[in-house]
Structures are given as C-alpha cells and as structure tokens.
2 protein chains.
Amino acid sequence: MNKNNSTLISETLLATPLFSGLDEEGLAQFIQNARLSDHQKGKILFLQGEKADYFYIIKNGWVKLFRETISGDEHVIDMMTRRHAFGETSVFEEGKYPYRAKVIEDSEIIIIPTAILKKQLERNHKFSLNMLSSMSHYRRHQERQIEHLTIENAPRRIGCFMLRLCFEEEACPVTLTLPYNKSVLALHLGMKAETFSRALAALKENVGIEINGSDVRIKDVEKLKAYCRPSCSDSFPECVMSEQQVTSP
Amino acid sequence: MNKNNSTLISETLLATPLFSGLDEEGLAQFIQNARLSDHQKGKILFLQGEKADYFYIIKNGWVKLFRETISGDEHVIDMMTRRHAFGETSVFEEGKYPYRAKVIEDSEIIIIPTAILKKQLERNHKFSLNMLSSMSHYRRHQERQIEHLTIENAPRRIGCFMLRLCFEEEACPVTLTLPYNKSVLALHLGMKAETFSRALAALKENVGIEINGSDVRIKDVEKLKAYCRPSCSDSFPECVMSEQQVTSP
DNA sequence: CGAGGGTTTGAAGTGCATCAAATAGTGTGG
DNA sequence: CCACACTATTTGATGCACTTCAAACCCTCG
C-alpha cells in the first residue's frame, strides 16, 4: 500500500462517525490493515451467509444491500454511499453476512478485516462507544422506515425521501438529483418501479415539483413538508434533520 | 428497598442479556439504584420527547411502545415483555424518549436511572459490549420486520409471528396463546384489526389452524412453515430460531 | 343486567401490484 | 457518428389486498 492510498484511507475513516475521535493507535490499527480499491458497477461484494472476513467503508459511489426471497422477490435493505460502513455487524452474526452487497455505481471502497474490528471492540472502549452510537442512529433510521412503510402512502414516502436529501440546502427553491436509478430507489422505498413513476407524477400534481430525468426541482419546500407532515409522527423539521449521519447497516 | 425486592431485581437483571456476564461491581451499581414497582394496565410510563431520566426492564407483563401521527394514526413500534429493556437508547437521543410507552397488561417493572447507564457505558467495557450485542440483535429484528412489511401479505405476517411464538416448543401439534389483545397485535404487524381477523380466518382455511379466542392450536407446524417460507429471505427455521432474545427497542 | 370494549362480518372503495406495451435513454460496435 | 441492442422509465388496463365504514356480536366486569 503506498503512502498516497494510506492518506486517502485515513481521510475517509476520520470523516466516518464510526471512527471519529478515535485515538491515534486505534485508528492506526484500522488504517494499517485497510485496503482501498476500485469496484465497477455490477460487482457483487459478498453474498448472504458468506463468511464475513472483511467489512467495508465507501469512499465514493453507491452500494446496494439486499436479500432475495425464495419466490424471487428482491428486498433492498439499504443504499450505502460515501462514509457509510457496512458488513461490520457480521461480528454479531456468527461471522456471516446477513445480506448481499452489490456495487450499483462505480465505487471506491475501503476494505478492512473483521478480525481488526473484533480486536478493537475488545480492547478499545472508545471505539465500542462509537459503534454503539452509530448503531443507535441506524436503529432510529430503521424505525422511521418501518413507520413510513406502515402508515405513509407511496407519494409521501417519496416526499419524505426528497426532504431528507435536500435538508441541508437552505435555499428555496431547491434542486436535487435522485441517487442511483429510479427502480432501485423504488424498491428501497418499498414500492414497484411503476408505482414510483406514478407517485412522482402525483407529487408533481399536488406540490408543484418539476422532474427532469433524475433531477428534481422543489419549488416550494414548505409545501412539500406540509404535504408529508400529517402522516409523520416526528415533528418536522426534526424528522428531516436527524437523518444526516446514518452509518451502520 | 427491602432485601426481597433486591433479590427479585437481581434475578431479573441476570436473566436479561443486557446485563448477563457483568462483573459483580457493575451489576451492583444497577441493582442498588433499581426500583421494582407494579403498574396497572393503562398506565402511561412516558411520552415521546419527554426527558429520559429512567430506563425500564420488564419483570412481568406487557408494555406497548408507540407513536402517534398528526393525523391521529397510531404506530406500534414494539411490544415488550419479561426480560425486555426499553428506554435505554435515550442515552443516544439527546436524553429524550423517542416514543411513548403504555402498560397494556398489569406489569412488574424495574426502573433504573439513565445516569447509571451512562456511567456504566463510560466505565464498564463489558457492559458496552453487552449493549452493542443486544442492539445488534434488535437491529436484525427490525430488518426482518421491514422485510415482512414490504414483501409479505397479512396472513403470512401473522404466520411468521406465530412461528416465532412457538419456536421453542418441539411438540407437534403446538398450542399457544396470542399475547395481549388482537387489535394491538394487528397494529404491531402493520395491519388493521379487521384485516387481522380475516387473515386469521384465511390461515384457518389454508393451514388448518384452530382458533379459540386468544388460543391458537397449530396442528401441523411444518405446513405453517411451508406456507410462510416462499416470501421469507431467511432460511427456515433460522428465521424462526433467531428471534429468541430480542432485548433492545 | 346493562355498558363498553374487543372482535367479527359485510359491502364498498382505494391504492398498489401486475401484465403488457410504448417510449426514452444509454452504451456498443461498425 | 450513426444504427442497433439493451436497459430504464412511463403509460394504460385490470385485478387483488387491504382499508374504511357500518353494524352485529361477544365477552367481561361493575
């Protein structure tokens, strides 16, 4: 591993909540054993049930975590992007990955042996707390997802997703680009691609959103919030605000 | 607090994964500051957003964790029973409860100040690891719930729930009692009470289950498994097996 | 016994899925 | 740089699962 790579890895890890605030030595343990590599769209990183020798942190790109049912349906557990870590919970799953991972946009990914993770968990209290914190954040994220699936309809689920995407922008109107392709996004939000398409059209109708391929222009953010609010148990903008750093799958 | 209570508390805590294997001193910290008390059906333990000074462990009974949307819909996050802990993640939520808790069957509950939890998290590595492990278990539980909501229909969701309830029985046929009342269970499984009722009838029709009030007799467990399997990404009986110790909400 | 919650049943409506086909968008090799 | 192939997206028509509203029934408990 050359120096350049080492620097790149260190930068990414430091920006990932899982590793933030770690002491020099602990961080060094991870960095020394990390490997940065490029992966093309379509690459399967691992299968469900496979022995989990490594966990992953994304430097750039998109990875889809998913499962398949016996009857062939695909369930998208989550979409991961830069600074997201995944596969790290295999430590608690008898050393096996509980889902599949597929690269869906060309990505730069950092790979670290789970053995290092295990050792740090045993020895480095600060790291355990970090992991606890990021797991807790993710738990909240999942709770919200469950709630949305249960009580929100398709257009509102998309609306909430877009609000999360644009929450950091303060300008009104807001322009944003939908990540990855629409069919995957649809599955991630628990609907079929056709429904997604129609629901987008409904949003266009009801809250005056403009859509151009993957680009979305929200002319009136408040109107979108008002549209989504009635079925959201979290108070806005808290619901929108607190999604920022989801790090653990 | 009398000695008797102290013993009862200690017994329950030891049986709760969150505290299992803790050193004497750490355990004593919790026990010394714990309070065991009875709560009647209907009692609200805390509201969403309330300052979280305490967390809870159930010794006996049932507690419902839920939220309400602006439009008045209720979302049941989870149902907790003996040896389940809840409210403990408020430590990571700016010290506030992220949901409401209501007693739905007369219960004996252990209450411990979150301050103790915080201190132990800071100082007691073993306890942190316990919490990490139980959080990880709960995460899996949530994942499965999300998956079920997305790809399983109502009868199958109920079937999976019953399989989980009866997984420890080895005898066929199996008789079990549905916990708490059916309308709450329905909401917990993401459907309305009417749908629940009709779905039960469908199960009766398709897999030959006998229903008598809250008592369910599964005449052929394998048939039920076969009925649920096609839409389940986990392999049976793993899916059924691994639900046993869910401790963290 | 009567009141009130929980549960079931019926009829009608809604939202999403499904199937099918048309259209737009993307990448490839000639 | 264009033609072709392939994939992603949209649109339409139809069906099914769940919800909604309403009423009846059932159970429990004062």
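Q: Let's start with helix 5 of chain A: how far apart are its end C-alpha atoms, and what should its residues span?

A: This is a predicted model, in which local features need pLDDT of at least 70 and side-chain atom pairs count only at pLDDT 80 or more, while totals for chains, interfaces and linings use all residues. Residues are numbered from 1 along each chain as its sequence is written, and chains are lettered from A and ligands numbered from 1 in the order in which they are written. Helix 5 of chain A has 13 residues (154-166) that should span 18 Å at 1.5 Å a residue, and its end C-alpha atoms are 19 Å apart, which agrees. The expected span is 1.5 Å times one less than the number of residues, and helices (H or I, at least four residues) and strands (E, at least two) are DSSP runs numbered from the N terminus.

Q: Which residues of helix 5 of chain A are buried?

A: They are A:P155, A:R156, A:R157, A:I158, A:G159, A:C160, A:M162, A:L163 and A:C166. A residue is buried if 20 or more other C-beta atoms lie within 10 Å of its own, exposed if 12 or fewer, and partly exposed in between, with C-beta atoms placed from the backbone.

Q: And at what angle do helix 5 and helix 7 of chain A pack?

A: Helix 5 and helix 7 (residues 193-207) of chain A pack at about 75°, with their axes 8 Å apart; axes are lines fitted to C-alpha atoms, for helices over the stretch in contact, and angles run from 0 to 180 degrees between N-to-C directions. That makes the two helices of chain A roughly perpendicular, a label for 65 to 115 degrees, whereas under 35 counts as roughly parallel, over 145 as roughly antiparallel and the rest as oblique.

Q: Switching to the two chains, how many residues does each give to the contact?

A: The contact takes 37 residues from chain B and 37 residues from chain A, where two residues are in contact if their C-beta atoms, placed from the backbone, lie within 7 Å. On the side of chain B that touches chain A, helix 4 of chain B gives the most, with 19 residues.

Q: Why do the copies meet through the same surface?

A: Because 100% of the interface residues of chain B are also interface residues in chain A.

Q: One more: where is B:I104, and is it buried or exposed?

A: B:I104 is found in strand 6 (residues 100-113) of chain B, and it is buried, with 20 other C-beta atoms within 10 Å. Leaving aside neighbours within four places in sequence, B:I104 is in contact with residues including B:W62 and B:Y180.
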